[in-house]
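Please look over the fold shown below, and then work through the questions and answers that follow it.

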Amino acid sequence: MLLPLLDDPDGDVRAGAVAGLDALVQEGLRPWDRRAVAEALVARLVADPRTLWQTHNALIGLAEALPALRQTVGRTPSPEVRAAALLLVDTYNAIDENTGADLARFVHALDDPDETVRFHAAKGLAHSPADTGTRPQDGERLRARLTALAAEAAEAETRAAADEALRALDGRGPDSP
């Protein structure tokens, strides 16, 4: 009943539908509803800037959304949507059989013009190697890019995420120096 409300002309109704779907996802959707809800929420993520982060939250843990989120990372012109989608592809939010290939997506996003996207790329790189056992193909180039990001990023959070990713590449935990 909530899915048609995602297209309602009233923004408050759309936001309410997203909130309702978020509650259903948190409580556990029926397996046969998961794909339809994931697809509808990914479409809403791209289409409705007003509910972007609320929709992001509703998508956490929905592995059925990962294929569409991966496409969104590479196709959307909106840096906010790229950042939200990249965050959802992070292994801390959901995994599927293609999660190992996301490492390249995070590496590519380090060169995004938007710092929020670069932040989420670095966070994904901090989590991905340990969670997937996947290592980057060109580790030295990646290490140089992360070192530069850790030194040059405008935001302290981005610099810290780049440092965390460097530690992960070296096989050290997030709290190690």
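Q: Which residues does Arg145 contact, leaving aside its neighbours within four places in sequence?
A: In this predicted model, Arg145 is found in helix α8. Once the neighbours within four places in sequence are set aside, the residues in contact with Arg145 are Leu110, Asp111 and Arg118.

Q: Is Arg145 buried, partly exposed or exposed, and at what relative accessibility?
A: A residue counts as buried under 20% relative accessible area and as exposed over 50%, with partly exposed in between. Arg145 therefore counts as partly exposed, its relative accessibility being 22%.

Q: How far apart are the C-alpha atoms of Arg145 and Leu45?
A: Along the chain, Arg145 and Leu45 are 100 residues apart.

Q: How are α8 and α9 oriented relative to each other?
A: Helix α8, which covers residues 139-152, packs with helix α9, residues 156-169, at an angle of about 150°, and their axes are 7 Å apart. Since angles over 145 degrees count as roughly antiparallel, the orientation of α8 to α9 is therefore roughly antiparallel.

Q: What is the handedness of the crossing of α8 and α9, and how many nonpolar, polar and charged residues does their contact have?
A: The crossing of these two helices, α8 and α9, is left-handed. On the α8 side the contact is made by Leu142, Arg143, Leu146, Thr147, Leu149, Ala150 and Ala151, and on the α9 side by Thr158, Arg159, Ala162, Asp163, Ala165, Leu166 and Leu169. By class, the contact of α8 with α9 has nine nonpolar, two polar and three charged residues.

Q: Which residues of α6 and α7 make the contact between these helices?
A: The axes of α6 (residues 102-109) and α7 (residues 115-132) come within 8 Å and cross at roughly 145°, and the crossing is left-handed. The residues of this contact divide into seven nonpolar, three polar and one charged. From α6 they are Leu103, Phe106, Val107 and Ala109, and from α7 they are Val117, Arg118, His120, Ala121, Gly124, Leu125 and Ser128.

Q: Is His120 buried or exposed, and what is its relative accessible area?
A: His120 has its place in helix α7, and, leaving aside neighbours within four places in sequence, it is in contact with Ala83, Leu86, Leu87 and Phe106. Since buried means under 20% relative accessible area, His120 is buried, with a value of 9%.

Q: Which helices do the buried residues of α5 pack against?
A: Helix α5, residues 79-89, is mostly covered, with eight of its 11 residues buried. The buried residues are Val81, Arg82, Ala83, Ala84, Ala85, Leu86, Leu88 and Val89. The helices against which they pack are α2 (31-47), α3, α4, α6 and α7.

Q: Which residues does Leu52 contact, leaving aside its neighbours within four places in sequence?
A: Leu52 lies in helix α3 and, at 2% relative accessibility, counts as buried. The C-alpha atom of Leu52 is separated by 10.0 Å from that of Ala85, although the two residues are 33 residues apart along the chain. Apart from neighbours within four places in sequence, the contacts of Leu52 are Leu45, Glu80, Val81 and Ala84.

Q: Where is Gly61, and which residues does it touch, not counting those up to four places away in sequence?
A: Gly61 has its place in the loop between α3 (52-59) and α4 (66-75), where it is partly exposed, with a relative accessible area of 36%. When residues up to four places away in sequence are not counted, Gly61 touches Arg34, Asn93 and Ala94.

Conventions
Residues are numbered from 1 along each chain as its sequence is written. This is a predicted model: local features need pLDDT of at least 70, side-chain atom pairs count only at pLDDT 80 or more; totals for chains, interfaces and linings use all residues. Side-chain values use heavy atoms; hydrogens and water are left out. Axes are lines fitted to C-alpha atoms, for helices over the stretch in contact, and angles run from 0 to 180 degrees between N-to-C directions. Angles under 35 degrees count as roughly parallel, over 145 as roughly antiparallel, 65 to 115 as roughly perpendicular and the rest as oblique. A crossing is left-handed if the near helix is turned anticlockwise from the far one by less than a right angle, and right-handed if clockwise. Contact means heavy atoms within 4.5 Å. Ala, Val, Leu, Ile, Met, Phe, Trp, Tyr, Cys and Pro count as nonpolar, Asp, Glu, Lys and Arg as charged, and the others, Gly among them, as polar. Buried means under 20% relative accessible area, exposed over 50%, partly exposed in between (1.4 Å probe, protein chains only).
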